[in-house]
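Thank you for making time this morning.

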Amino acid sequence: MYTGIGASAGIGIGSVIIVKEPSLAYDNTTISDVVAEKERYNKALEECVAKTQAMAEDMKTRVGEKEAEILEGHVLLLTDPEMSSQIETNIDNKMCAEAAVEQVCDMYAQMFASIDDEMFQQRATDVGDIKTRLLKVLLQVEDLDLATVPEGTVLVAEDLTPSMTASINPANVVGFLTEIGGKTSHSAILARALEIPAVLSIDGIVSKLENGQLVILDGSTGEVYESPDEALLNEYTAKRAAYLEEKAALQAFVGKPSATADGNVVELCANIGKPEDALKVVECDGEGVGLFRTEFLFMDRPQVPTEDEQFEAYKKVVETLEGKPVIIRTLDIGGDKEIPYLGLEKEDNPFLGFRAIRLCLQRDDLYRPQLKALLRASAYGELKIMVPMISFVDEFRAVKALLAEIMAELDAEGTPYNKDIKVGIMVETPAASLMADVFAKEVDFFSIGTNDLTQYTMAVDRGNPDVAYLYSTYNPAVLRSIERVIKAAKAEGTMVGMCGEAAADPLLTPLLLSFGLDEFSVSATSILATRKVISLWTMEEANAVAEKAMSMTTEAEVQAYLKSVAK
Ligand code: PEP
Ligand code: MG
């Protein structure tokens, strides 16, 4: 068995086709006619741009707008004047067009790849894809055509580039296996959009498998089996049927309210990281956005997005949600989220350091434009502002004071915004949880960030595998903290949601319902499954489970009990 990153759920059973790019070798000659060579490069560039635009159009109609944006991003990179002028300078220096393109693309790819962040790693793959396409045009090498692979094919490649994926017929491809890529890489996004199971980042898989070999892949667990015996094949054939049946059954929950079996209605929203994700929330029948992590807007680029760029991004989300609530969280960087161009100093304890609101309150240059962009966008829908990593009341008061100043500026300019905008906090530090009764009187809403609340309550680094056994929301200490926050909010009539991963954990659903959670915010793809689990419980049953679970002493006891009563 091989394991990788399960990046697109589902089970694929089929025959391997190894995708190998044709050779792009060329004679690296010194050229004499610079003008002719530049003309050759510019013609190739034009052809490449046209091809990429056509692929983007095709992708838009066959898959979706969001997926087409990946290829539209390639067009922008191809037509980037800086990159083109560097290539032309290379040709001026007598390099042949192929070498000129390769040198510049490799330089950009290396620059992006050196930044330890998945988004920038993805940019490196994009530049690599563009280089290959430009070289193919220059060398007149035919593009790989994956449109004609036979039914039941599992494609195996070093990486699945957007240009390869563009030609795939999803009716014939039952799985993807690659050597590189993570959960948020473009190949993962495309696989999920095409609903093709995928396992990525499997070491050396291209050389381990052979054309025609039968494989099973599980896109949820990241497991891959080669040449399975009959017993395994039967097991996974049944698993695949059960998965598909469950997926189809979830469609019955589209358009239904999110309510318990006895009619207690809650709100079911989604977490997003990019403006384009908002469409998926609507498609998956989300009732709003419970968390927009804005730091991704800042990570996916080489410099701070301007106020106008941010305004456009926030406006796009609220407009897409058409009046449904959208909670946008202000910048949460530091900790594990680094932004290289901000040049922040390395800290010994980044999770306990200069992070999120602590940093924003010291960086007016970053925070003020973000708040202004948020206020401006509030004129276009139901936008709420959420402040992360709050640990004492003065931080929240400082944000309110800054907002009041910006509102006065907007009034003076005559710029519209929602004067009654709701401003809330993430409850994710033990300090905020312990003071929840005080905060509940000051803020418009809470959203419990269990990812961090678990880390800080248990004093356990959420990314450190050596102490991962402590990182569990089933710990009675964490559960008590959650219960306390929800009850403190209820006592004041303050809306309380949850946007940490625990909101989507079916084992915890009865507890959260019983505590009185108003809003669950989960990934878009978990919306229907969460709605289903909520619908399976009555409040009486949920209360009984909560009472028993909360009387237990250890994490293991709680977990075993919740598993035993799960529906
Ligand atoms: C959390 O801490 O639970 C949360 C939702 O925020 P993030 O995972 O972005 O820190
Ligand atoms: Mg957090």
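This is a predicted model: local features need pLDDT of at least 70, side-chain atom pairs count only at pLDDT 80 or more; totals for chains, interfaces and linings use all residues.

**From the whole chain to single residues**

The protein chain holds 23 helices and 16 strands. Its radius of gyration is 26 Å, close to the 24 Å that the globule rule gives for 567 residues, so the chain is as compact as a globular protein of that length. Along the principal axes, the C-alpha trace spans about 80 × 70 × 45 Å. Of the 567 residues in the protein chain, 52% are buried, and if we take the contacts with a separation of 6 or more, 68% of them are between residues 24 or more positions apart.

Now to the metal site. Which residues coordinate the magnesium ion, ligand 2? The ion is coordinated by E428, through OE, and by D452, through OD, at 2.1 Å. These two residues link distant parts of the chain, with E428 in the loop between β13 (423-427) and α16 (430-434), and D452 in helix α18 (residues 450-457), 24 residues apart. Are the two residues buried or exposed? E428 has a relative accessible area of 1%, which is under 20%, and therefore counts as buried; D452, with a relative accessible area of 3%, is buried as well.

Next, the cysteines. How many disulfides does a search of the whole structure find? The search finds zero. C96, to take one case, is in no disulfide, and the nearest cysteine sulfur, that of C105, is 13 Å away. C96 is buried, with a relative accessible area of 3%. C269 is in no disulfide either, the nearest cysteine sulfur being that of C499, 11 Å away. C269 counts as buried too, at 1% relative accessibility. For both residues the reasoning rests on distance: a disulfide requires two cysteine sulfur atoms within 2.5 Å, so a nearest sulfur 13 Å away from C96, or 11 Å away from C269, leaves neither of them paired.

Helix α12 (residues 307-320) has 14 residues and reaches 20 Å from its first C-alpha to its last, close to the 20 Å expected at 1.5 Å a residue. Its buried residues are Q310, F311, A313, Y314, K315, V317 and V318. In general, an α-helix has 3.6 residues a turn, so residues three or four places apart point the same way. Just after α12, E322 takes a positive phi of about 45°.

Helix α19 (residues 476-492) has 17 residues, which at 1.5 Å a residue should span 24 Å, and its end C-alpha atoms are 25 Å apart, which agrees. Its buried residues include V478, L479, I482, V485, I486 and A489. Just after α19, G493 takes a positive phi of about 70°.

E195 has a positive phi of about 55° and lies in the loop between α7 (186-193) and β6 (198-200), where, at 55% relative accessibility, E195 counts as exposed. A356 has a positive phi of about 50° and is found in helix α13 (residues 356-360), but at 0% relative accessibility A356 counts as buried.

A109, in helix α4 (residues 97-113), is buried with a relative accessible area of 16%, and, leaving aside its neighbours within four places in sequence, A109 is in contact with A124 and V127. The C-alpha atoms of A109 and E179, 70 residues apart along the chain, are separated by 18 Å. T132, in helix α5 (residues 118-139), counts as buried at 19% relative accessibility, and, with neighbours within four places in sequence again left aside, T132 is in contact with E21 and L24.

That is where I will stop, and I am happy to take questions.

Methods: Residues are numbered from 1 along each chain as its sequence is written. Chains are lettered from A and ligands numbered from 1 in the order in which they are written. Side-chain values use heavy atoms; hydrogens and water are left out. Buried means under 20% relative accessible area, exposed over 50%, partly exposed in between (1.4 Å probe, protein chains only). Donors are N, O and S atoms within 2.8 Å of the metal (3.2 Å for Na, K and Ca); water is not among the atoms, so sites may look incomplete. Helices (H or I, at least four residues) and strands (E, at least two) are DSSP runs, numbered from the N terminus. The radius of gyration is taken over C-alpha atoms; the globule rule is 2.2 Å times the number of residues to the power 0.38. Contact means heavy atoms within 4.5 Å. The expected span of a helix is 1.5 Å times one less than its number of residues.
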